[in-house]
Amino acid sequence: LTGLSVELMGAGPVELYDISYGGAAFSQPEDARLSITGEIVHLDFLLDGKKAHNFSGKVIRLTEDMFAVEFIDSS
């Protein structure tokens, strides 16, 4: 998506790999890798550098390179 960037609160930018109505997958942050499945994270979605929406998600899958969340409130 042109102009979209995502920030994992407290950890910095992450790359969006896949998104659906119920969740999304992202690259692991460079300096603060996630390591706990079930952890609640907060993500800021920005369009052209301006905050568009904040999502909370529960980490449901982790690898060395990526993490996936199930959105808690996707309204």
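1. The model is predicted, so local features require pLDDT of at least 70 and side-chain atom pairs count only at pLDDT 80 or more, while totals for chains, interfaces and linings use all residues. Residues are numbered from 1 along each chain as its sequence is written, and side-chain values use heavy atoms, without hydrogens and water.

2. Seven strands form an open sheet in the order 2-1-5-6-7-4-3, with antiparallel pairing. Strands are DSSP runs (E, at least two residues) numbered from the N terminus, and two of them pair if DSSP finds at least two bridges between them. Strand 2 (12–14) and strand 3 (16–19) are the edge strands, each pairing on one side only.

3. Strand 1 (residues 4–8) and strand 5 (residues 40–47) run antiparallel and are joined by five bridges. Within this pairing, Glu7 has Asp44 of strand 5 as its bridge partner.

4. Gln28 lies in the loop between strand 4 and strand 5. Gln28 counts as buried because its relative accessibility is 5%, where buried means under 20% relative accessible area (1.4 Å probe, protein chains only). A polar atom of the Gln28 side chain lies 2.8 Å from the backbone nitrogen of Leu34.

Technical notes
Helix = DSSP H or I, 4+ residues; strand = E, 2+ residues; numbered from the N terminus. Buried < 20%, exposed > 50% of the residue type's maximum accessible area, 1.4 Å probe, protein only. Polar contact = N/O pair within 3.5 Å; in protein donor to acceptor, adjacent residues only side chain to side chain.
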